[in-house]
Amino acid sequence: MTEWAAAGSGLRRVLLASPRSFCAGVERAIAVVEQALHRHGPPVYVRKQIVHNARVVADLRARGAVFVDDLDEVPDGALTVFSAHGVAPAVRREAADRGLPVIDATCPLVTKVHAEARRFAGRGDTVLLIGHPGHEETDGTLGEAPGRIRLVSDPAAAETVQVDDPDRVSYLVQTTLATDEAAGIVEALRRRFPDLAGPGSDDICYATTNRQRAVAEVAGRADVVLVLGSDNSSNSRRLVEVAERAGARAYLVDDVSRVDLRWLAGVTTIGVSAGASAPPALVDEVVAALGALGAREVSEHTTTVEDVAFTLPKEVRQP
C-alpha cells in the first residue's frame, strides 16, 4: 500500500509517444500466421518468434502456431513460416531440400538489406554490416555472403575491422538500430575508408526512426518513460536507450504487471511508448493503470503519421 500511495502522490500527466506499437512489417508478419492458421488449420510451424514480443507469441501459440528454433523440429510436410526477421539462404535451401511448404513473412525492409548485401558482395566489396551479434536479422544477412560480410557492432569494432581491399568497402545497417548509434559507427568507418559505399536509401526502417524521434521528444518532457516491449526486441531496447539519452529515466516492460511502482514515486509526468513489435493493447493497459494511480491528463504527442502498408505473400493473400 505504501508503494501505491507513493506512486500516485504526484502523478498528473501521461504523454503518449506517437507513432508507437505495431509497424507495417509486424502487422504483415502476424497476419501471415493468422491467415495460415485460418486457411490450413493448426499446427502451423514458425521458425523462431514471428516477431519479438511475448504477448504476440503467446496469443498465436494459443491458436495453434508452433514456434521452433530450427527446421529439424518441423515434421515432414508441415506448413512453415519464416519470421519477420528473415533467414539466411542456407535455411531456404534446407527447407527446399526437405520439400517443406514455406510462407515467407520476412519484412520487405529486411529483404531490401539482403538484396543490397548480395549486390555489394557480388561486385567484390567487403560488406560491413552494422548490427548486433546474435540477432536473427543480422544472422540472416550475414548468411547472404559469409566470406564477404563482417559484423561491426560498435565504434570500437569499426576501428579494428579488417577488409580485403580498403578501396572496395560498403556498409549496411540492421533495420532496428538507433539512428544516432548507427551514424556514429558509419562516421568511424568513413574515416578509415574514405570510399565507403552505402545503401541507396537508409537501411534503418521508417518505423524505427519514427518511434525513436517520438520517444525522444516525449522523454524531454517526462520524468520517467515506460517502453512496452519484450527484452529480445531490438527496436524496443533502442527506444529505452534513446529516452535515456534525452534525459529521462526509462524502463522496458513486457506488460503492466512488470511496472515497478517504486519507479513512479514522486513522478509528475510519465511518457509511454511501445516497440514496433508490441501490441497497442499493452499501452492501453498501462494507461488504465496510471489513471487508477491518479493520472488525469493523457495526451498524444505525435511527430509523424504513418500510412505504410505491405502486401501479404501470395500464399495467404485474399482472392
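Which helix provides the largest share of the lining of the largest pocket? Helix 10 does, with 3 residues. The legends below describe this pocket and other close-up views.

The structure is a predicted model, in which local features need pLDDT of at least 70 and side-chain atom pairs count only at pLDDT 80 or more, while totals for chains, interfaces and linings use all residues. Residues are numbered from 1 along each chain as its sequence is written, and side-chain values use heavy atoms, with hydrogens and water left out.

**View 1. The largest pocket and its lining residues.** The largest pocket holds about 160 Å³ of space. A pocket is an open set of points on a 1 Å grid over the protein atoms alone, with protein on both sides within 12 Å along at least five of seven lines, and lining residues have an atom within 4 Å of a point. Grid points are joined across faces, edges and corners, and a volume is the space filled by probe spheres set on the points. The lining consists of Q49, H52, H132, G134, H135, E136, N232, S234, R237 and R238.

**View 2. The largest cavity and the helices around it.** A cavity is a set of grid points where a 1.4 Å probe fits but cannot get out. Searching the whole structure gives 1 cavity of 30 Å³ or more. The largest cavity has a volume of about 250 Å³. Its lining comprises 24 residues, and C23, V26, H85, T176 and N235 lie nearest the centre. Two or more lining residues come from each of helix 2, helix 5 (108-122), helix 9 (206-219) and helix 10 (234-245). Helix 9 gives the most, with 3 residues. Helices (H or I, at least four residues) and strands (E, at least two) are DSSP runs, numbered from the N terminus.

**View 3. Helix 2, residues 24-40.** This helix has 17 residues and reaches 24 Å from its first C-alpha to its last, close to the 24 Å expected at 1.5 Å a residue. The expected span is 1.5 Å times one less than the number of residues. Helix 2 is mostly covered, with 12 of its 17 residues buried. Buried means under 20% relative accessible area, exposed over 50%, and partly exposed in between (1.4 Å probe, protein chains only). Among the buried residues are V26, I30, V33 and L37. A36 is placed in helix 2 and counts as buried at 0% relative accessibility. A36 and L142 are 106 residues apart in sequence and 29 Å apart in space, C-alpha to C-alpha. Just after helix 2, G41 takes a positive phi of about 75°.

**View 4. The cysteines C23 and C205.** The structure holds 0 disulfides, a disulfide being a pair of cysteine sulfur atoms within 2.5 Å. C23 is in no disulfide, and its nearest cysteine sulfur, that of C205, is 5.7 Å away. C23 is buried, with a relative accessible area of 10%, and C205 counts as buried at 11% relative accessibility.

**View 5. The aromatic pair Y251 and W263.** Rings of Phe, Tyr and Trp (its six-membered ring) pair if their centres lie within 6.5 Å; planes under 30 degrees apart count as stacked, over 60 as edge-to-face and the rest as tilted. The count comes to 1 aromatic pair. The ring centres of Y251 and W263 are 3.9 Å apart and the planes are at 0°, so the pair is stacked. Y251 is in strand 10 (residues 249-253), and W263 is in the loop between strand 10 and strand 11 (269-274), 12 residues apart. W263 is buried, with a relative accessible area of 19%.
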